[in-house]
Amino acid sequence: MRIFVYGQPRDTESGFEDYLDPAKTAVISIDMHRGHLDPSPDCPCPAPRAREIVAPIDSFHDRVRALGVPIIHVRSVLRRGGFDDINGISSAWRRTFPLHVGEIPNSAAHAIEGSPWTEFVTRVAPDDLIVETKRRLSAFYPTDLDFLLRNMRVETIVLNGGFTDCCVLNTAFDASNHNYRVVVARDLVRGTDDNLEAAALAMVSLHLGLVTESADLLAEWERRKAGQNAA
């Protein structure tokens with residue numbers, strides 16, 4: 001299967017069979033909600049580059065469901081009153097990211113529970129799973145994602161969503177440190193910009209797991225499923 005190592009495509013015939021078993025895999029889609037993707041000027045933490053991957057993620061998820069691979073949608077949700085963030089010990093990004101992008105209007109409303117900003121933009125099917133206690137950059141903190149994955153006997157996670165250099169990268173690090181096998185679908189993530197996206201994917205490819213295209217991953221899963229059915 002084709003993977004990307006430090007941004008360069010490479011065909012690999014063996015060595016990663018345990019990364020590619022759909023029976024032990026879950027797809028994790030990170031923060032594809034209105035708080036990042038809404039086109040409104042009131043969007044509290046806009047990620048406009050990620051809007052272009054909404055339809056491709058939905059199409060990928062349709063094929064994933066057909067293969068019987070579970071999908072977990074993770075979203076950031078903060079308690080009303082700001083105790084999880086701005087009225088407690090605030091997230092670092094609230095102070096550092098504006099140094100690069102400028103003031104973010106309405107950022108105080110980001111991910112507040114019960115607000116429209118927590119509504120998913122990507123499609124969530126009835127049998128999909130949701131984890132919604134993400135309060136910092138990793139999908140593992142302080143959520144029950146690890147508990148859920150271990151109870152599902154999942155060994156490999158496939159990541160999509162945004163930001164590549166932020167929540168996706170942090171989740172990949174945590175997943176690897178929790179001893180999960182990590183795959184990132186490079187065509188289904190978006191970063192702050194091209195340079196940071198490439199850097200994040202390069203780090204994943206060298207230290208954390210596999211970087212591949214979603215079509216190549218699906219083809220590998222379908223090949224394996226066909227082989228199992230034939231046997």
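The largest pocket holds about 360 Å³ of space. A pocket is an open set of points on a 1 Å grid over the protein atoms alone, where a 1.4 Å probe fits, with protein on both sides within 12 Å along at least five of seven lines; lining residues have an atom within 4 Å of a point. Its lining comprises 27 residues, of which C45, W93, L137, C166 and C167 are the closest to the centre. Two elements give two or more residues to this lining, α3 (93-96) and α6 (164-177), and α6 supplies the largest share, 3 residues. By class, the lining of the largest pocket has 13 nonpolar, 8 polar and 6 charged residues.

This is a predicted model, in which local features need pLDDT of at least 70 and side-chain atom pairs count only at pLDDT 80 or more, while totals for chains, interfaces and linings use all residues. Residues are numbered from 1 along each chain as its sequence is written, and side-chain values use heavy atoms, with hydrogens and water left out.

The second largest pocket has about 190 Å³ of space. Among the residues that line it are C45, P46, R49, F97, F163 and T192. Its lining divides into 8 nonpolar, 2 polar and 2 charged residues.

Neighbours within four places in sequence aside, L149 is in contact with A26, I28, I72, F140, V154, I157 and Y180, contact being heavy atoms within 4.5 Å.

Notes. Grid points are joined across faces, edges and corners, and a volume is the space filled by probe spheres set on the points. Helices (H or I, at least four residues) and strands (E, at least two) are DSSP runs, numbered from the N terminus. Ala, Val, Leu, Ile, Met, Phe, Trp, Tyr, Cys and Pro count as nonpolar, Asp, Glu, Lys and Arg as charged, and the others, Gly among them, as polar.
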